[in-house]
Amino acid sequence: MTAIGNLKSAGLAALAAVAALSLAACSQPASGQPSESASVAASQPVLTASPSPSPSPNTSATVGAVVAGFPQQLLPLMPGATVVSSSFDKASAPATAALVGTVKAVPASVIDFYTKTLEGQGFKAVPGDSVGGVVSKDFVRGDNETVNLSVVEAAGVSTFTIGANVAAESAK
């Protein structure tokens with residue numbers, strides 16, 4: 001499974017766990033007796049995230065900034081956005097880069113910015129615009145270069161995660 005696939009799986013598992021916990025917490029009636037929906041929720045299987053593989057010793061990551069060596073030409077920061085975290089591993093094959101940011105914009109604006117940026121570099125958008133309720137877009141270039149962008153919005157602020165698996169020479 002690719003790093004993007006691992007990120008998607010872990011993110012979706014975490015979202016499912018939070019949703020299940022929220023549902024269970026909201027299902028308890030004032031009488032203190034479990035409701036039928038709480039019993040049903042308790043009998044459902046619980047999704048758990050499996051641990052991710054240990055990062056390569058060549059992986060650089062940082063919080064609140066773009067990590068040194070990050071391929072900013074490949075994955076530029078959207079204008080007006082703030083970096084939450086970033087990581088980069090040029091030594092892996094393919095090279096992997098990830099960026100999490102926030103911006104006061106609707107998810108469609110984030111998707112549009114990165115679609116234009118990536119298509120300008122030869123990536124092709126894959127059909128589909130969401131995974132479950134999360135805005136998500138995948139891009140491919142050649143036989144083995146991929147980029148995934150996902151965006152969630154709350155109170156007018158979009159948080160986006162963009163991850164790429166690309167040839168080392170592309171990660172400049």
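Me: What does "buried" mean when residues of this predicted model are described?

Reply: Buried means that a residue has under 20% relative accessible area, while exposed means over 50%.

Me: Why is Lys137 called buried?

Reply: The relative accessibility of Lys137 is 10%, and since buried means under 20%, Lys137 counts as buried.

Me: How many salt bridges does the structure hold, and what makes Glu145 and Arg141 one of them?

Reply: The structure holds 2 salt bridges. Between Glu145 and Arg141 the closest N and O atoms are 2.8 Å apart, which is within the 4 Å limit, and both of these residues are buried.

Me: Why is Ser86 called buried, and where does Ser86 lie?

Reply: Ser86, which lies in strand β2 (residues 82–89), has 3% relative accessibility, and because buried means under 20%, Ser86 counts as buried.

Me: What does the side chain of Ser86 reach?

Reply: The side chain of Ser86 reaches the backbone oxygen of Ala65 at 2.9 Å and the backbone nitrogen of Val67 at 2.7 Å, and the limit for a polar contact is 3.5 Å. Leaving aside neighbours within four places in sequence, Ser86 is in contact with residues including Ser60, Thr62, Phe70 and Leu99.

Me: How do you know that the buried residues of α3 line one face of the helix?

Reply: The buried residues of α3 are Pro107, Val110, Ile111, Tyr114, Thr115, Thr117 and Leu118. Seen down the axis of α3, these buried residues fall within an arc of 165 degrees, so they line one face of the helix. What covers them includes β3, β6, β7 and β8.

Me: What makes Gly142 exposed, and where is Gly142 found?

Reply: Gly142, found in the loop between β6 and β7, has a relative accessible area of 66%, and since exposed means over 50%, Gly142 is exposed.

Notes:
Residues numbered from 1 in each chain as written. Predicted model: local features only at pLDDT ≥ 70, side-chain atom pairs only at ≥ 80, totals over all residues. Heavy atoms only, no water. Salt bridge = Lys/Arg side-chain N within 4 Å of Asp/Glu carboxyl O. Buried < 20%, exposed > 50% of the residue type's maximum accessible area, 1.4 Å probe, protein only. Helix = DSSP H or I, 4+ residues; strand = E, 2+ residues; numbered from the N terminus. Polar contact = N/O pair within 3.5 Å; in protein donor to acceptor, adjacent residues only side chain to side chain. Contact = heavy atoms within 4.5 Å. Arc of directions from axis to C-beta.
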